Amino acid sequence: MTNHHIALIPGDGIGAEVLPPARRVLDAVGARHGFGFTYTTYDWSCERYAREGAMMPQNGLDLLRDKDAILLGAVGYPGVPDHVSLWGLLIPIRRGFRQYVNVRPIRVFEGIDSPLRTATPGEIDFVVVRENVEGEYSEIGGRLNRGFPDELAVQESVFTRTGVTRVLDYAFELAARRGGRLISATKSNGIVHTLPFWDELVAERGRSHPEVDWDQEHIDALAAKFVLDPARFDVVVASNLFGDILSDLAAAVAGSIGIAPAANLNPEREFPSMFEPVHGSAPDIAGRGIANPLGAIWSAAMMLDHLGHPEAAGDVTGAIAAVLAKTDLRTPDLGGTATTTDFTEKLLELL
Ligand code: NAD
Ligand code: IPM
Ligand code: MN
């Protein structure tokens with residue numbers, strides 16, 4: 001029987017509440033399709049930081065290296081500055097394992113109340129492809145003249161030909177497999193060095209993908225169009241920071257940030273890829289058992305696809321659609337009163 005070895009990193013807050021449901025779904029669907037999972041769980045978190053002074057051990061990446069995939073809950077909690085917790089765990093994994101594509105699909109499921117008056121289920125179905133290892137998230141910069149009135153902070157954005165081209169190629173190829181349309185997020189009217197370069201590379205890659213109908217839009221106008229006319233999008237490709245912001249916006253448009261999944265991919269498969277919900281540790285609701293597990297469960301479905309089980313992945317997204325369309329059970333972020341566990345039980349029943 002095929003067996004996959006998965007690294008589980010529950011992390012902080014609701015991260016630890018949404019991973020067990022995802023694991024139950026994986027085991028159930030694996031049993032049906034004739035494959036199984038071995039899990040190794042790592043307690044890397046802000047709690048570990050408080051105890052041992054580091055989010056993960058020094059050889060953390062070495063421990064993950066031989067796993068088939070990583071499933072992560074969320075990282076970050078009040079008490080540890082976010083730049084410490086995230087740069088101590090999440091970002092080193094993305095960068096160390098060259099997970100340079102972050103795929104973030106958006107769908108309005110039947111049975112979900114989108115905050116948009118105009119959103120019809122089925123009509124909104126697109127993917128944000130986020131550059132995941134460079135751009136605005138850079139380590140180059142610093143704080144100067146600390147303690148003086150002219151103190152300042154600088155951080156350099158880094159856009160490399162290699163880094164931009166490879167994520168664009170992924171996005172163009174994805175668009176070619178989907179609806180054949182791609183929008184690139186830019187701001188070359190305001191950010192005059194990096195984004196004109198990004199735009200140039202988009203045009204270059206566009207010439208190599210004549211089957212894709214592509215265009216570019218300024219990020220500010222694009223954000224408005226996510227709200228005004230989300231049905232027109234197929235694939236949206238964006239730099240690291242723009243993609244981060246757009247994916248939360250898109251998730252909200254689709255009903256709740258609690259549903260949205262993410263796949264941090266190393267397309268060459270030199271290293272394990274990492275799957276995690278788009279949302280964070282949600283300290284405001286942590287510990288109450290009411291987190292929406294769908295973001296984590298859908299992320300697990302993306303992992304199944306990556307591991308070569310598209311049919312099992314389809315079963316999971318089918319069960320997500322079914323629990324929303326056929327039942328009234330909803331966690332509070334979707335206007336209901338269901339707990340994480342009740343909701344998961346019902347989904348498992350429909351799987
Ligand atoms: P957040 O996503 O944790 O929460 C934003 C809002 O959405 C909150 O009101 C929260 O209750 C709600 N929400 C999020 N997920 C939900 C779910 N599954 N079900 C129901 N409601 C949900 O974002 P934040 O408040 O900006 O960040 C909190 C912490 O998480 C910070 O430390 C931040 O750095 C971290 N964070 C981590 C990740 C990650 O690990 N990938 C992602 C984003 C934020
Ligand atoms: C995400 C998160 C992270 C990011 C933070 C927590 C560093 O917001 O995965 O979207 O910006 O990448
Ligand atoms: Mn984010």
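Arg 269 counts as exposed, with 10 C-beta neighbours inside 10 Å. Arg 269 lies in the loop between strand S11 (261-265) and strand S12 (273-277). Its phi is near 60°, a positive value in a residue other than glycine.

This is a predicted model, in which local features need pLDDT of at least 70, side-chain atom pairs count only at pLDDT 80 or more, and totals for chains, interfaces and linings use all residues. Residues are numbered from 1 along each chain as its sequence is written, while chains are lettered from A and ligands numbered from 1 in the order in which they are written.

**Another loop residue with positive phi**

- Asn 145 is not a glycine, yet it has a positive phi of about 55°.
- Asn 145 is found in the loop between strand S6 (141-144) and strand S7 (152-155). Strands (E, at least two residues) and helices (H or I, at least four) are DSSP runs, numbered from the N terminus.
- Asn 145 counts as exposed, with 10 C-beta neighbours inside 10 Å.

**Domains**

- The domain assignment of the protein chain gives domain 1 (1-101 + 260-351) and domain 2 (125-253). Such bounds come from an automatic or database domain assignment.
- The centres of domain 1 and domain 2, taken over C-alpha atoms, are separated by 25 Å.
- Domain 1 puts 11 residues into the contact, and domain 2 puts in 12 residues. Two residues are in contact if their C-beta atoms, placed from the backbone, lie within 7 Å.
- On the side of domain 1 that touches domain 2, H4 gives the most, with three residues.
- By class, that side of domain 1 has six nonpolar, two polar and three charged residues. Ala, Val, Leu, Ile, Met, Phe, Trp, Tyr, Cys and Pro count as nonpolar, Asp, Glu, Lys and Arg as charged, and the others, Gly among them, as polar.
- A UniProt record (unreviewed entry) places the feature "domain: Isopropylmalate dehydrogenase-like" at residues 5-347. UniProt positions follow the numbering used here, feature names are shortened, and annotations may be inferred rather than shown by experiment.
- Residues 5-347 are 41% helix and 20% strand, and the end C-alpha atoms of the span lie 24 Å apart.

**Ligand surroundings**

- Around ligand 1 there are 24 residues, of which Gly 76, Gly 258, His 279, Gly 280 and Asn 292 come nearest. A residue is near a molecule if its C-beta atom, placed from the backbone, lies within 6 Å of it.
- Helix H4 (residues 82-96) gives the most to the shell around ligand 1, with three residues.
- The shell around ligand 1 has 12 nonpolar, eight polar and four charged residues.
- Ligand 2 is surrounded by Gly 76, Leu 86, Leu 90, Asp 244, Val 278 and Gly 280.
- The shell around ligand 2 divides into three nonpolar residues, two polar and one charged.

**Helix H11**

- Thr 340, Phe 343, Thr 344 and Leu 347 are buried in helix H11 (residues 340-350).
- Seen down the axis of H11, these buried residues fall within an arc of 100°, so they line one face of the helix. The arc is that of the directions from the helix axis to the C-beta atoms.
- An α-helix has 3.6 residues a turn, so residues three or four places apart point the same way.
- The buried residues of H11 pack against helix H1 (15-33) and helix H10 (310-326).

**Two buried residues**

- Gly 295 lies in helix H9 (residues 294-306). Gly 295 is buried, with 26 other C-beta atoms within 10 Å.
- Leaving aside neighbours within four places in sequence, the contacts of Gly 295 include Val 18, Gly 258, Val 278 and His 279.
- Ile 112 lies in the loop between strand S4 (101-107) and strand S5 (125-131). Ile 112 is buried, with 20 other C-beta atoms within 10 Å.
- Ile 112 and Ser 256 are 144 residues apart along the chain, and their C-alpha atoms are separated by 9.0 Å.

**A partly exposed strand residue**

- Tyr 39 lies in strand S2 (residues 35-41). Tyr 39 counts as partly exposed, with 15 C-beta neighbours inside 10 Å.
- Tyr 39 touches Ile 6, Leu 8 and Arg 23, not counting residues up to four places away in sequence.

Notes. A residue is buried if 20 or more other C-beta atoms lie within 10 Å of its own, exposed if 12 or fewer, and partly exposed in between; C-beta atoms are placed from the backbone.
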